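Student: I am new to this structure. Could we go through how its parts got their descriptions?

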Amino acid sequence: MDELKNRIKEMIVTALELEDVTAADIVEDAPLFGESERGLGLDSIDALELGIAIKENFGVSFSAANEDTKKHFYSFDTLAAYISANMPK
Amino acid sequence: MKSVAGKVVFAALSVLYPVLVFCGLEFWGLSPRRLSLMLIGLAFVHFFNVTRERAKDAEGTGRANVVKNISLLVLMLMCGALAFFADNILFLKFYPVMVNLSLLCFFAFTLWKKPSFAFRMANLGDKTLRVSPERPFVERYCDRVTMVWCAFFVVNASVALATALVGSERMWTLYNGLISYILIGILSAVEFMVRKIMQNKLHSYVPVCELLRDSRPDGAVVCFDGESVRTWADFVSDVSKVRRFLESSEKRPWILHCEDSYFFIVALLSMLQSGRKAMVTANRQEAFIKEIKKPEYGFITDTPFGDASAGAIQIQDILAGPAVEPLWNAFDKNAAEMVMFTSGTTGEPKSVPKRFSQFENELYELVKVFGDDWLGRKVYSTVNHHHIYGLLFTVLLPTATGLPFRRHRIDYPSELVSIAGEKAVIASSPAYLKRLAADTDKPIDFKYTPIIYSSGGPLPEEVARKCEGITGYWTMEIYGSTETGGIAYRQSKNGPVWKPFEVCKMSIGENDCLNVKSSYILEPEGFTTGDLVEIYDDGRFLLKGRADSIVKIEEKRISLPEVENRLKQTGLVQDVRVVPMVGNRQYLAAAIVLNAEGREKFKDQPKLEINNFFKKHLAQFIENTVSPKKWRYLEELPQDTQGKIKMRDIQALFGIPESPNFKILKMRREPGMVTLKLVFPETSDFYNGHFPSFKLLPAVAQVDMTVMLAQALLGTPDTVARIQRTKFSYPILPNVPAILEMTYKAETSKLSFSYTLEEGRPLSGGTLVFSGDENA
């Protein structure tokens with residue numbers, strides 16, 4: 001699981017072209033989106049980018065209409081859990 | 001002494017003459033015969049004065065005086081004799097007529113044999129008048145005053161004659177003994193007032209195209225440089241030499257680049273008078289000159305430089321030649337052509353064709369608005385006269401108004417002290433004034449408050465305020481562009497609103513941008529600027545930023561100045577630019593220069609923390625999507641050597657990925673060249689594995705950095721073929737800033753680079769030759 005988490009973190013930094021943030025800086029239980037003390041402060045465009053990157057890297061896709069999608073994207077932890085559960089074996 | 005006493009007696013008797021004659025007849029019962037002795041006596045006093053005077057003063061007004069004195073003497077003796085023998089009062093009454101006629105002769109004579117009497121008087125009061133550029137005007141004015149007096153004497157003599165012939169004694173006395181004196185008093189007072197009003201106006205203005213060889217006195221100072229000056233006579237002689245040269249050559253048009261303002265105006269005026277189109281360029285980069293110069297073009301300069309100036313004529317060589325017959329004439333401002341080059345805000349050099357009438361009409365407007373403030377001043381410059389504002393204010397205006405100008409620019413704020421004793425007009429720019437405000441902590445003790453103009457970009461209100469504290473003058477800003485010329489002016493102490501020049505008609509054009517029509521814009525539809533504007537009913541207007549300052553980030557409109565202003569609101573930011581970027585997505589990036597408070601607050605904080613502080617502040621006002629995603633904290637914003645900040649340069653800076661291994665603190669860019677201030681923290685990976693106990697930046701890392709930065713900023717090819725002449729003379733140490741200068745010549749694919757310490761000590765340098773295949 002730790003290895004997967006690290007891969008996801010690296011993917012976030014690369015896909016979103018984050019600057020001044022390394023994989024180690026990502027706080028796992030902080031909200032990914034919107035303003036928060038410890039979070040990344042991502043926006044809706046980042047969400048789209050992230051969705052595409054996850055599909056490319058892990059073969060996991062999201063349904064835009066699905067209310068649950070928001071829940072999965074809440075924090076790094078929720079996202080990692082969703083990816084881990086839905087990755088093709 | 002005796003002659004002065006004689007004059008006083010003569011003047012007093014002359015003035016009292018009508019009253020004395022009247023009293024003699026009416027009260028003292030004297031016969032005309034007896035009274036005639038007074039007139040004869042007066043004639044003798046006059047004769048005595050005249051002979052004295054002639055012995056003393058043979059020159060000056062001498063000849064006119066002789067005419068006046070002899071005629072007056074003859075008439076006086078004649079009338080006196082007639083009155084005596086005929087015992088008739090009539091002849092005595094002719095005396096005032098005679099005085100008027102003799103004065104008329106005298107004044108008229110000086111009009112015929114110049115200078116006129118009034119001008120001689122003016123010269124006594126002001127010895128410098130002879131070489132003043134105002135002289136032609138003053139002379140004309142004085143001639144008119146002399147003419148008015150002549151007319152007055154004609155009228156006065158006629159009325160005096162009429163009172164003598166047909167009036168009663170009482171009326172004759174009343175007019176000649178009182179009324180005519182009152183009239184003389186009134187006329188003098190009116191002339192005095194008119195003169196005072198005229199003296200406060202600038203009159204030496206002559207349109208440049210109408211200047212004639214004798215428009216200024218030969219000795220009038222055209223320009224100065226320390227103690228040495230060039231006079232009008234020198235100017236005419238130098239223009240004649242350059243014109244002879246131009247007219248003996250087939251080449252045209254002429255490219256013109258002269259650092260010295262005097263050489264510049266000599267060359268420019270010669271081209272205009274000789275009907276040669278002048279292409280004025282500040283940029284003398286080899287590649288640029290090659291781009292604009294065709295084989296049939298001439299090129300004149302005062303500072304030869306490298307290959308670009310091969311085949312250029314050096315103006316000093318022409319001027320060093322023997323004197324030639326004067327060659328000077330007025331020219332047609334509508335036919336005379338020029339070309340200017342502007343870099344604009346986007347960066348690409350662009351040529352702007354001009355007719356000289358455009359400048360001439362603008363000069364007329366500038367003189368109308370500001371001219372009277374310039375009386376008796378000298379012109380100084382901190383700006384380049386190859387650009388429109390410098391051309392108008394520092395070269396053409398002095399030429400048109402006859403104000404002396406300094407041949408060389410003031411480059412450093414510290415130099416300003418050296419002109420504190422002068423009455424100065426200073427044409428400056430925000431780049432200079434910002435440095436003046438930052439580098440000067442004490443007011444400069446100007447003997448006369450200077451007049452300071454600024455143009456080229458907005459001058460921040462706080463800079464204008466500081467400069468007022470230093471110089472005593474609140475800078476007059478001029479808003480305009482190469483295409484439009486001057487549009488409006490303001491002093492920001494009166495608010496941010498601009499007052500247009502009277503000839504400029506404002507309207508809102510395409511994309512809500514300002515459209516200007518004026519007598520110095522040739523296109524009838526006017527010119528639409530890139531500036532957003534709000535126009536008030538009285539014609540004044542407010543600028544609302546550049547139109548290209550409104551961008552769309554993922555379909556969301558955002559004004560870049562708004563984000564910048566919100567960041568400034570924190571009170572921690574000295575300067576900031578926000579630019580749109582495109583990567584996987586569109587986003588904004590912010591380049592920030594922290595002020596003292598900001599540097600203190602964020603001391604030793606990781607960059608991410610600083611980013612988050614500003615993001616959090618912005619989140620109160622703007623959506624997350626348009627909040628900047630990338631941040632750079634610099635010592636100054638990227639700019640060119642003119643101090644112009646271009647979006648392109650800032651975007652190029654963000655094109656270099658942020659790295660923990662090095663930091664860019666400053667960047668200055670111009671075509672083919674870039675200068676960076678870099679620092680390598682001790683945590684940098686570059687030091688790994690070299691000398692663990694003594695960290696210094698390996699040569700390979702220096703070359704690697706150079707290649708990476710040259711690719712990002714100068715667009716060099718990917719592969720380095722050879723490294724030439726490299727030298728590593730002194731180590732680059734952790735946290736000690738180094739200046740990297742890189743110059744790239746695309747023709748040879750060669751990049752020369754050097755690392756130096758800030759104070760100039762060379763660290764390393766060399767030449768990289770890139771693989772030519774990339775270019776093929």
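Predicted model: local features only at pLDDT ≥ 70, side-chain atom pairs only at ≥ 80, totals over all residues.

Student: What makes strand S3 and strand S5 of chain B a pair?

Tutor: Two strands pair if there are at least two bridges between them. Four bridges join S3 (residues 254-257) to S5 (residues 298-301) in chain B, so they qualify as a pair, and they run parallel. In S5(B), B:Ile300 is the bridge partner of B:Leu256.

Student: Which sheet do they belong to, and what is the order of its strands?

Tutor: They sit in an open sheet of six strands in chain B, ordered S6-S5-S3-S4-S7-S8, with mixed pairing. Strand S6 (313-314) and strand S8 (350-355) of chain B are the edge strands, each pairing on one side only.

Student: Why are strand S22 and strand S24 of chain B said to stand at the edges?

Tutor: Their sheet is open and has the order S22-S23-S24 in chain B. S22 (573-582) and S24 (630-634) each have a single partner strand, so one side of each lacks a neighbour in the sheet. From one strand to the next, the twist averages 20 degrees.

Student: How do you know that strand S23 of chain B pairs with S24(B)?

Tutor: The cut-off is at least two bridges. S23 (residues 586-594) and S24 of chain B have five, in the parallel sense, so they pair. B:Ala590 stands opposite B:Trp631 in S24(B).

Student: What kinds of residues does chain B have on the side that touches chain A?

Tutor: By class, that side of chain B has two nonpolar, five polar and seven charged residues. Helix H19 (residues 607-618) of chain B gives the most to it, with five residues.

How values were computed: Residues numbered from 1 in each chain as written. Chains lettered and ligands numbered in written order. Helix = DSSP H or I, 4+ residues; strand = E, 2+ residues; numbered from the N terminus. Nonpolar A, V, L, I, M, F, W, Y, C, P; charged D, E, K, R; others polar. Axes fitted to C-alpha atoms, helices over the stretch in contact; angles between N-to-C directions.
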